[in-house]
Amino acid sequence: MESSPSPLPASSPATAGRIVLAATPIGNMGDASARLVDLLETADIVAAEDTRRLHRLVQQLGVTVAGRIISYHEHNEATRTAELLDQVREGNTLVMVTDAGMPSVSDPGFRLVEGAIAAGVTVTAVPGPSAVLTALALSGLPTDRFCFEGFLPRKAGERAGRLADLAGERRTMVFFEAPHRLEAMLRALRERFGAGRRAAVCRELTKTYEEVLRGPLDELLQWAESTEVRGEIAVVVAGAPEQAAGTPEDHVAAVNELVAQGIRLKEAVAAVAEDVRVSKRELYSAVLAAR
């Protein structure tokens, strides 16, 4: 008995186009990949965050864009995404570029990727320069676990709230900031994380005047207060230090709270002991002694 052929996927490579997220240089044009150049020359459509920046980029790279150029930025992506997806369904190759770095990472592109996945449209990427990873690598801070927080809120109250949420974050944190707001940002970081928390201010990465300043937040704030800061900025901050485990008696209340929720005593002791890194036996004894 012959089996019937399997249905084609929603976006068959034979008939449908694709979306390519293409990373562009964050400063040094020598970082442009050969794949980026080829795609800019051959793609049917180039969606750019800023078409003027795109024209400067291709001029510096000596590239001629043969396809149609379309603006795609935070103010029109909600309405333009459907139009671009329709173009890809018709078989076109669409390249998405932003002003610098990888699209969708603190830049337009996420909505396009989200729409492509929902519509079954093929989406891939040409990796390349990344201000996030470059700053992290140069910071001298732990790189095994990190998180990217983008730009902090501009308003002091909202910024303080965000930093309060990050007070216990153990991973290295990477932020972006505008040069004219750097001083206020570093002051807020110092107030929340402490003057001695290690950090790095990375300025003009890969460019002629690249500069990376490393030290405690207090020293970096003093530098910002006495300097006219210019250029594009990434700030990398060490995660919260590991807290001391304390004594078993310090955690009796946590065990009793779990027991009150219906968890058996031994299970509650085991859970709390593992979480706070104390001896299960000693914690169990402390709970019994407190009764």
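Q: In which loop does T206 lie?
A: This is a predicted model. Within it, T206 belongs to a loop that joins two strands. These are strand 8 (198-203) and strand 9 (211-216).

Q: What is the phi of T206?
A: Most residues other than glycine have a negative phi. T206 is not a glycine, yet its phi is positive, at about 70°.

Q: Where is S106 found, and what is its phi?
A: S106 is found in the loop between strand 4 (93-97) and helix 4 (110-119). Although S106 is a residue other than glycine, its phi is positive, near 60°.

Q: Does S106 count as buried, partly exposed or exposed?
A: The relative accessibility of S106 is 37%. Buried requires a value under 20% and exposed a value over 50%. S106 therefore counts as partly exposed.

Q: What is the mean pLDDT of the protein, and which stretch has a pLDDT below 50?
A: The mean pLDDT is 91, and 94% of the residues reach 70 or more. The stretch with pLDDT below 50 has six contacts in the model beyond near neighbours in sequence, and it covers residues 1-14. Where pLDDT is low, the predicted coordinates should not be read in detail.

Q: How are helix 7 and helix 8 oriented to each other?
A: The axes of helix 7 (residues 182-193) and helix 8 (residues 217-225) come within 9 Å and cross at roughly 160°. Angles over 145 degrees count as roughly antiparallel. Helix 7 is therefore roughly antiparallel to helix 8.

Q: Which residues make the contact between helix 7 and helix 8, and how many of them are charged?
A: Helix 7 contributes L182, E183, L186, R187, L189, R190 and F193. Helix 8 contributes L217, D218, L220, L221, W223, A224 and E225. By class, nine of these residues are nonpolar, none is polar and the charged ones number five.

Q: What separates the C-alpha atoms of L220 and L186?
A: Along the chain, L220 and L186 are 34 residues apart. In the model, the separation of their C-alpha atoms is 7.4 Å.

Q: How are helix 9 and helix 10 oriented to each other?
A: The axes of helix 9 (residues 252-260) and helix 10 (residues 265-276) come within 9 Å and cross at roughly 135°. Helix 9 passes helix 10 in a right-handed crossing. The angle lies between the ranges for roughly perpendicular, 65 to 115 degrees, and roughly antiparallel, over 145. The two helices are therefore oblique to each other.

Q: To which class do the residues in the contact of helix 9 with helix 10 belong?
A: Helix 9 supplies A254, V255, L258 and V259, while helix 10 supplies L265, A268, V269, A271 and V272. No polar and no charged residues are present, and nine are nonpolar.

Q: How is helix 9 oriented to helix 11?
A: The axes of helix 9 and helix 11 (residues 280-289) come within 9 Å and cross at roughly 75°. Angles of 65 to 115 degrees count as roughly perpendicular. Helix 9 is therefore, relative to helix 11, roughly perpendicular.

Terms used:
Residues numbered from 1 in each chain as written. Predicted model: local features only at pLDDT ≥ 70, side-chain atom pairs only at ≥ 80, totals over all residues. Heavy atoms only, no water. pLDDT = per-residue confidence, 0-100. Contact = heavy atoms within 4.5 Å. Axes fitted to C-alpha atoms, helices over the stretch in contact; angles between N-to-C directions. Helix = DSSP H or I, 4+ residues; strand = E, 2+ residues; numbered from the N terminus. Parallel < 35°, antiparallel > 145°, perpendicular 65-115°, else oblique. Nonpolar A, V, L, I, M, F, W, Y, C, P; charged D, E, K, R; others polar. Left-handed = near helix turned anticlockwise from the far one by under 90°. Buried < 20%, exposed > 50% of the residue type's maximum accessible area, 1.4 Å probe, protein only.
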